[in-house]
Amino acid sequence: MILNIVEYPNKKLKEKSKPVDKFDQQLHKLLDAMYTVMIESRGIGLAAIQVSHAKQILIINLPTEDDEQPVDNLIEIINPVITHKSGETTYQEGCLSVPSFYEDIVRFEFITVNYQDRFGNTKSLEADGLLSIAIQHEYDHLNGILFIDKLSYSRRKKFEKEFKRMQKEKKNANN
């Protein structure tokens, strides 16, 4: 299965994802392909909608101290429900669907998420720090929300201006 990352301003990214009800070989192939795309793109998280699959699936693989992302550290989260949120933290986020743009985003410091694994088993995970941030970032994707949607009006205007400039540069480079 070959997947491509959907980039802003593609309207697909605004689509709300639907729950997964079949935990079959097709799901496993999608999860495996998502992992490959995420690692090749040097990402730490990916939602299925970012590869044109409107399903409530997200994966996270935080780098180790030596900047490796072993498959053993992969967390596959299907049909997530955040049941607890507390505290506040700010982190400079980026997104594979909004390349080359980073901005400080305020998130909850601690979360608890209930979800299913690739076999449909029910799990619960308490997260803080970067794991909490990454889960919330990908969770937003499932609801059609990008991190740039969380920017203040002035920051959003700055982003739009920068984005247009980058698009223009890209166009000129291709001519």
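**Entry 1**

I note that the model is predicted: local features need pLDDT of at least 70 and side-chain atom pairs count only at pLDDT 80 or more, while totals for chains, interfaces and linings use all residues. Residues are numbered from 1 along each chain as its sequence is written, and side-chain values use heavy atoms, with hydrogens and water left out.

I took helices (H or I, at least four residues) and strands (E, at least two) as DSSP runs numbered from the N terminus. Two strands are called paired if DSSP finds at least two bridges between them.

I then looked up both neighbours of β6. Strand β7 (residues 122-128) pairs with β6 in the antiparallel sense over 7 bridges. The two form a hairpin with 5 residues between them, and in the turn G120 has a positive phi of about 90°. Strand β3 (residues 75-86) also pairs with β6 in the antiparallel sense, over 6 bridges. Within that pairing I located V81, whose bridge partner in β6 is N114.

How much of strand β6 is buried? I recorded 5 of the 7 residues in β6 (residues 110-116) as buried, so the strand is mostly covered; buried means under 20% relative accessible area, exposed over 50%, and partly exposed in between (1.4 Å probe, protein chains only). I kept in mind that side chains in a regular strand alternate between the two faces of the sheet.

**Entry 1: the chain as a whole**

I counted 3 helices and 7 strands in the protein chain. Their order along the sequence follows the pattern α-β-β-β-β-β-β-β-α-α.

I checked the overall dimensions next. The radius of gyration of the protein chain is 16 Å, which agrees with the value near 16 Å for a compact globule of 175 residues; the radius is taken over C-alpha atoms, and the globule rule is 2.2 Å times the number of residues to the power 0.38. The C-alpha atoms fill a box of roughly 50 × 40 × 35 Å along the principal axes.

Buried residues make up 43% of the 175 residues. For contacts (heavy atoms within 4.5 Å), I noted that residues 24 or more positions apart account for 63% of those with a separation of 6 or more. The chain exposes about 10100 Å², of which carbon and sulfur atoms supply 48%; areas come from the Shrake-Rupley method with a 1.4 Å probe.

I looked up Q92 in strand β4 (residues 89-95). Not counting residues up to four places away in sequence, Q92 touches Y102, E103 and D104.

Is D140 buried or exposed? D140 counts as buried because its relative accessibility is 10%. Leaving aside neighbours within four places in sequence, I found D140 in contact with R107, I145 and K150.

L130 is partly exposed, with a relative accessible area of 28%. Which residues does L130 touch, not counting those up to four places away in sequence? I listed I44, L62 and Y91. The C-alpha atoms of L130 and I44 are separated by 9.9 Å, although the two residues are 86 residues apart along the chain.
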